[in-house]
Amino acid sequence: MADCIFCKIINREIPGNIVFETDDVIAFEDAHPNAPVHYLVVPKKHITCMNDINEEDIELMGKIQLAIKEVAKITGISESGYRVITNCGDDGGQMVKHIHYHVLGGKHLGCKIVHE
Ligand code: 5GP
Ligand code: ZN
């Protein structure tokens, strides 16, 4: 999609610190990290958010799970642990309207998922 920042990273129109890539999925460092390790795992297909996933995307969703596992390994947080988050819509706090999965780690993130 023309004005999508993540499509631009996927298409190498703007730089991203890419750590992992397959034909279907890409992973790069978050520009404003919320943890010592913070990467975004993103399907190359432009899907807006969880609401827009269809039956045809089931295989892609599985590939994303495997990519998340690989990114955790590559960035050294597999054993220490990590959190995976996807935000959808306004109340979910989604800023970039191309579905993505935050992979956060490198410190103990606490037990609360939502921090006020
Ligand atoms: P959301 O709030 O949509 O779930 O998360 C979007 C994330 O994308 C944010 O954590 C933000 O820091 C990150 N981000 C926004 N623009 C860019 C960019 O141009 N490059 C990279 N690498 N990350 C970005
Ligand atoms: Zn996009």
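Does arginine 83 count as buried or exposed, and what is its relative accessibility? Keep that in mind while going through these points; the answer comes in point 5. Bear in mind that this is a predicted model.

1. Let's start with where the ligand is. Ligand 1 sits in the largest pocket. Two elements each give two or more residues to the shell around it: α1 (5–10) and β2 (25–29). The top contributor is α1, which supplies three residues.

2. Now the neighbours. Ligand 1 is surrounded by 16 residues, and the closest are Asp30, Asn87, Met95, His100 and His102. Sorted by class, the shell has eight nonpolar residues, six polar ones and two charged ones.

3. Next, have a look at the polar contacts. On the side-chain end, histidine 102 places a polar atom 2.8 Å from an oxygen atom of ligand 1. Alanine 31 has a polar backbone atom 3.2 Å from a nitrogen atom of ligand 1.

4. How much of the ligand gets covered? On its own, ligand 1 exposes 520 Å², and the protein buries 85% of that.

5. Back to the opening question. Arginine 83 has a relative accessibility of 19%, so this residue counts as buried, because the cut-off for buried is under 20%. You'll find arginine 83 in strand β4, which covers residues 82–85. A polar atom of the arginine 83 side chain lies 2.7 Å from the backbone oxygen of glycine 110.

Definitions and conventions
Residues are numbered from 1 along each chain as its sequence is written. Chains are lettered from A and ligands numbered from 1 in the order in which they are written. This is a predicted model: local features need pLDDT of at least 70, side-chain atom pairs count only at pLDDT 80 or more; totals for chains, interfaces and linings use all residues. Side-chain values use heavy atoms; hydrogens and water are left out. A residue is near a molecule or strand if one of its heavy atoms lies within 4 Å of it. A polar contact is a pair of N or O atoms within 3.5 Å; within protein, one must be able to donate a hydrogen and the other to accept it, and residues adjacent in sequence count only if both atoms are side-chain atoms. Accessible areas come from the Shrake-Rupley method with a 1.4 Å probe; for residues, only the protein chains shown count as cover. On a 1 Å grid over the protein atoms alone, a cavity is a set of points where a 1.4 Å probe fits but cannot get out, and a pocket is an open set with protein on both sides within 12 Å along at least five of seven lines; lining residues have an atom within 4 Å of a point. A molecule sits in a cavity or pocket if more than half of its atoms lie within 2 Å of its grid points. Helices (H or I, at least four residues) and strands (E, at least two) are DSSP runs, numbered from the N terminus. Ala, Val, Leu, Ile, Met, Phe, Trp, Tyr, Cys and Pro count as nonpolar, Asp, Glu, Lys and Arg as charged, and the others, Gly among them, as polar. Buried means under 20% relative accessible area, exposed over 50%, partly exposed in between (1.4 Å probe, protein chains only).
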